[in-house]
Structure formats: structure tokens, C-alpha cells
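Please review the model shown here with attention to its helix packing and one of its pockets.

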Amino acid sequence: MQLTRFTDIGLRVLMRLASDDGATTRTARDLAAELELPRTHVSKVVSRLSEIGVVHSRRGRDGGLTITPLGRTARLGWLTRTLEGDDELVECTPPSGPCPLLRTCRLRGALARAQEAFYASLDTLTVADLTVPSAAAAVLPLISRAEVARAGEPHGRRALPSPTPENRNRS
């Protein structure tokens with residue numbers, strides 16, 4: 001399964017906003033520049049994130065974007081379902097007519113179960129689980145939030161074990 005670009009951008013924006021301290025506001029332009037994405041795409045995604053209540057958008061001179069408490073605790077499966085929509089992985093009834101195998105096909109059900117398992121596995125994580133506070137990001141780019149907590153000191157000031165094959169590529 002491959003996520004749409006819209007969902008990919010949405011998750012990146014939420015992760016970036018979640019890494020802030022809560023007092024910082026960012027604009028769609030700022031986020032687009034930081035994430036190296038087109039501003040128009042980021043603006044559309046931010047609008048949708050605001051609609052579903054995971055981002056708060058304030059207009060005006062002192063305006064900007066902040067993540068909401070729901071945005072920090074939102075399950076990734078729910079977010080992905082919401083941003084992706086309810087489409088099936090395969091289209092069994094395209095505009096040109098239904099698939100000739102439709103009546104006896106078992107692939108559609110198998111793919112629906114696989115898609116639900118994918119979302120269920122994402123539901124074990126929240127946006128907050130994927131982020132490291134901004135102050136620690138430069139010091140701890142490759143370790144998880146749980147490893148930061150186990151380190152025992154804020155912002156990773158304590159020396160952590162060197163990367164192992166198991167945790168080297170975590171993000």
C-alpha cells in the first residue's frame with residue numbers, strides 16, 4: 001500500500017508541529033520551507049488538518065498554526081484513514097464496467113483485510129510517539145521518544161548508547 005502525497009504531507013506537518021513546545025506558531029509558508037514542500041500543497045493539507053481538529057489555525061498578523069491536544073494524541077491509523085479516505089486498494093467497478101471476476105473474486109476481501117491490518121498497526125502509535133521535542137532534535141535525531149525518556153535527563157544531555165543495527169534507522 002502506498003500513501004497519497006496528501007497524507008504524507010499531512011503526517012509530516014503534524015510531526016513538525018508536535019515537536020514544537022506549544023507556544024510557537026508557524027505559517028504554512030514556514031512549514032513548506034522547512035519540509036521542502038510546495039507551499040500550495042502544504043496550505044491545502046493544513047486546511048484539511050484544521051477541519052478535522054488536529055491543527056489550530058489563527059489568521060492575522062499574529063496568526064499561525066499550532067497543533068491541538070487531539071493532534072498530539074491522534075492515532076496514526078485514524079489520521080491516515082481520515083486523510084486517505086475510504087477507497088479500496090483495488091477498483092472492482094471502474095467506469096469501463098465491473099471486473100469479469102467480481103462474482104468469484106477473493107482478492108478484494110483479502111486486500112481489504114490487509115488494508116485494515118495496516119491501519120490497525122498504525123493505530124498503536126500517536127503523533128507524539130513519532131516526535132522528539134525541537135530542543136532535542138539536533139542532539140537525538142535517530143532515537144525514539146521512549147529512548148529519550150529512558151535516558152533519564154531532559155533533551156538528551158546524558159550520553160546514550162551508540163546506534164545499533166536495531167535502532168540505527170528508526171525515524
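Predicted model: local features only at pLDDT ≥ 70, side-chain atom pairs only at ≥ 80, totals over all residues.

Residues are numbered from 1 along each chain as its sequence is written, and side-chain values use heavy atoms, with hydrogens and water left out.

**Overall fold**
- The chain contains eight helices and two strands, where helices (H or I, at least four residues) and strands (E, at least two) are DSSP runs numbered from the N terminus.
- Along the sequence, these elements follow the pattern α-α-α-β-β-α-α-α-α-α.
- Of the chain's 171 residues, 32% count as buried, that is, under 20% relative accessible area with a 1.4 Å probe and protein chains only.
- Among contacts (heavy atoms within 4.5 Å) between residues at least 6 apart in sequence, 61% join residues at least 24 apart.

**Contact of α1 with α2**
- Helix α1 (residues 5–18) packs on α2 at an angle of about 100 degrees, with the axes 11 Å apart; axes are lines fitted to C-alpha atoms, for helices over the stretch in contact, and angles run from 0 to 180 degrees between N-to-C directions.
- This angle makes α1 roughly perpendicular to α2, a label that covers 65 to 115 degrees.
- The contact is formed by Arg12, Val13, Arg16 and Leu17 of α1 together with Leu31, Glu34 and Leu35 of α2.
- By class, these residues comprise four nonpolar, no polar and three charged; Ala, Val, Leu, Ile, Met, Phe, Trp, Tyr, Cys and Pro count as nonpolar, Asp, Glu, Lys and Arg as charged, and the others, Gly among them, as polar.

**Contact of α5 with α6**
- Helices α5 (residues 76–84) and α6 (residues 107–122) pack at about 130 degrees, with their axes 6 Å apart.
- Leu76, Gly77, Thr80, Arg81 and Glu84 of α5 meet Glu116, Tyr119, Ala120 and Leu122 of α6.
- Four nonpolar, two polar and three charged residues make up this contact.

**Second largest pocket**
- The volume of the second largest pocket is about 240 Å³, taken as the space filled by probe spheres set on grid points joined across faces, edges and corners.
- A pocket is an open set of points on a 1 Å grid over the protein atoms alone, where a 1.4 Å probe fits, with protein on both sides within 12 Å along at least five of seven lines; lining residues have an atom within 4 Å of a point.
- Its lining has 15 residues, of which Thr27, Ala28, Ser57, Arg58 and Leu65 lie nearest the centre.
- Two or more lining residues come from each of α2 (28–35), α3 (39–51), β1 (55–58) and β2 (64–67), and α3 gives the largest share, five residues.
- The lining divides into three nonpolar, eight polar and four charged residues.

Terms used. Buried < 20%, exposed > 50% of the residue type's maximum accessible area, 1.4 Å probe, protein only. Parallel < 35°, antiparallel > 145°, perpendicular 65-115°, else oblique.
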